[in-house]
Amino acid sequence: NSSSEELSSFLESGIFRLDDGSRVVFVDPVRLLNRSYSRFRVSPSGYYSRSFKSRSKVRSIGEEEEEGIGDDAERRGKKKKRKRKSRELNEREICAEIRHQELRPLLLKAYNSLLTVSNLLSCLPNIVEYEDGYSNSGREEHNFVELGNLCQAPHYEISLCFNKGVIEEAEDSWPVRVGEWTIVPLFDNLIGNETTEDVEAEFLNSKYILPPRSSFYMSDLRRVRDLVPVHSDHGFNLIVIDPPWENGSVYQKAVYPTLPNRYFLYLPVKQLAHTAGALVVLWMTNREKLRLFVEKELFPTWGVTNVTTHYWLKVKPDGSLISELDLFHHRPYESLVVGYVNVKSAEFESTPSFTYMQDNQVFISIPGSHSRKPPLAKLLLDHVPGRKPAKCIELFARELVGGWMSWGNEPLRFQDSRYFIRK
Ligand code: SAM
């Protein structure tokens with residue numbers, strides 16, 4: 001039947017369409033990321049190392065509401081600390097609450113469509129609890145943000161090993177490969193793997209995996225203009241941006257440095273966009289002030305038009321939402337706003353198979369550790385204008401993707417070999 005066909009296709013692709021119009025999709029980021037690699041696979045237990053307490057049964061939305069979704073012991077512990085004096089909502093918070101109430105039926109419908117697919121629900125614990133030897137103890141991960149700020153940063157080098165082929169294939173060991181080492185400066189330098197094989201790289205005794213045809217530029221925002229192509233028709237057709245927004249919540253642990261909104265006005269999005277058109281995808285937090293800033297200032301400055309809004313709904317491996325839907329400061333969803341640059345280009349709508357993004361799509365997934373965003377590019381490609389293969393870039397990236405350029409002050413962060421297993 002169609003649901004079991006969809007499940008076996010999900011186990012291959014990482015994409016499970018939950019409705020006919022494909023406006024609600026469940027994704028497994030690990031399977032989506034794995035499409036990038038030739039000799040390695042992303043470790044599921046590394047990706048999903050954030051621990052969620054499993055529950056024995058999935059509750060319907062009615063039961064969840066009575067009990068408080070995700071209200072497990074761990075959460076209750078945190079809640080105690082978080083307890084605030086109840087106060088009236090201010091004007092912006094009231095707007096945010098009204099927006100949430102308008103959105104609620106859409107999210108509930110999407111969530112309930114997940115709950116009806118029992119074969120998908122029953123395989124969720126297996127996709128996260130995967131014995132693959134991942135361990136976060138031992139060697140410390142390099143902090144590229146700190147290293148990039150040191151005065152010796154220009155002297156740091158990374159060694160890339162371009163494989164020449166397999167020379168020895170003993171029965172009880174991995175094939176041994178010979179390679180040619182290329183040593184290049186790590187910071188403020190465009191580094192790429194133009195081959196069709198994964199490349200291993202070494203930096204200060206740690207190993208990093210670079211997927212085929214990926215490149216990265218590790219720098220501070222001050223150098224972001226270095227990415228602007230010399231010829232405007234060499235720009236990007238897909239630009240994904242996940243800025244380090246300042247988070248009003250004092251409870252948020254500082255996992256990376258944040259920047260005030262005005263800095264993002266200077267991102268050269270227009271100059272990075274291909275003259276034949278570009279799809280711009282911007283991740284946002286749920287703050288009303290931010291939504292207004294994006295709508296009224298940021299997108300007009302970047303020249304982004306034809307804007308639609310979509311949602312990432314987060315569930316636990318047991319299928320429950322990660323927090324109560326109505327919890328004001330900890331919604332179990334985030335939004336992504338999507339729009340176009342250079343819509344007036346003649347080539348824009350003549351792109352084969354191109355369609356505009358429909359509004360209000362819902363992407364559901366189990367969140368990975370370190371608040372990693374799910375890689376949605378595969379689902380967006382039909383909405384990307386211009387020639388194929390599309391030229392894609394992620395700004396403020398913490399990982400590399402096959403065929404993409406990644407920019408930020410730590411784009412190698414999740415390329416550490418600890419997050420990978422050999423195929
Ligand atoms: N999309 C990423 C993911 O899913 O893993 C998360 C991106 S995170 C929201 C924002 C990133 O911007 C962090 O890696 C942070 O270190 C980086 N960042 C902060 N300040 C920066 C700056 N001045 N220049 C470049 N990158 C910066």
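What you have open is a predicted model. Colour by secondary structure and you will see 11 helices and 17 strands. Show the surface next, and the accessible area comes to about 21100 Å², with 49% of it belonging to carbon and sulfur atoms.

Now for the inside. Select Leu18, Phe26, Leu114, Leu120 and Ile364, the residues with the most contacts inside the largest nonpolar core, a set of 41 residues. Several elements each supply at least two residues to this core, including helix 1 (2–13), helix 7 (118–128), strand 12 (305–314) and strand 14 (362–365). Helix 6 gives the most, with 7 residues.

Which residues does Leu114 touch, leaving out those up to four places away in sequence? Show its neighbours and you will find Leu18, Phe26, Leu120, Leu121, Val315 and Ile364.

Then move to Tyr217, Trp245, Leu272 and Val280, which belong to a second, separate core of 32 residues.

A search of the whole structure finds 1 cavity of 30 Å³ or more, and about 40 Å³ of space lies in the largest cavity. To see its lining, select Leu33, Tyr37, Val42, Arg372, Glu399, Leu400, Phe414, Gln415 and Phe420. Colour these by residue class and they divide into 6 nonpolar, 1 polar and 2 charged.

How values were computed: Residues numbered from 1 in each chain as written. Predicted model: local features only at pLDDT ≥ 70, side-chain atom pairs only at ≥ 80, totals over all residues. Heavy atoms only, no water. Core = buried A, V, L, I, M, F, W, Y, C linked by side-chain atoms within 4.5 Å. Buried < 20%, exposed > 50% of the residue type's maximum accessible area, 1.4 Å probe, protein only. Helix = DSSP H or I, 4+ residues; strand = E, 2+ residues; numbered from the N terminus. Contact = heavy atoms within 4.5 Å. 1 Å grid on protein atoms, 1.4 Å probe; cavity = no way out; pocket = protein on both sides within 12 Å on 5 of 7 lines; lining within 4 Å. Points joined across faces, edges and corners; volume = space filled by probe spheres on them. Nonpolar A, V, L, I, M, F, W, Y, C, P; charged D, E, K, R; others polar. Areas by Shrake-Rupley, 256 points an atom, 1.4 Å probe, with all protein chains shown as cover.
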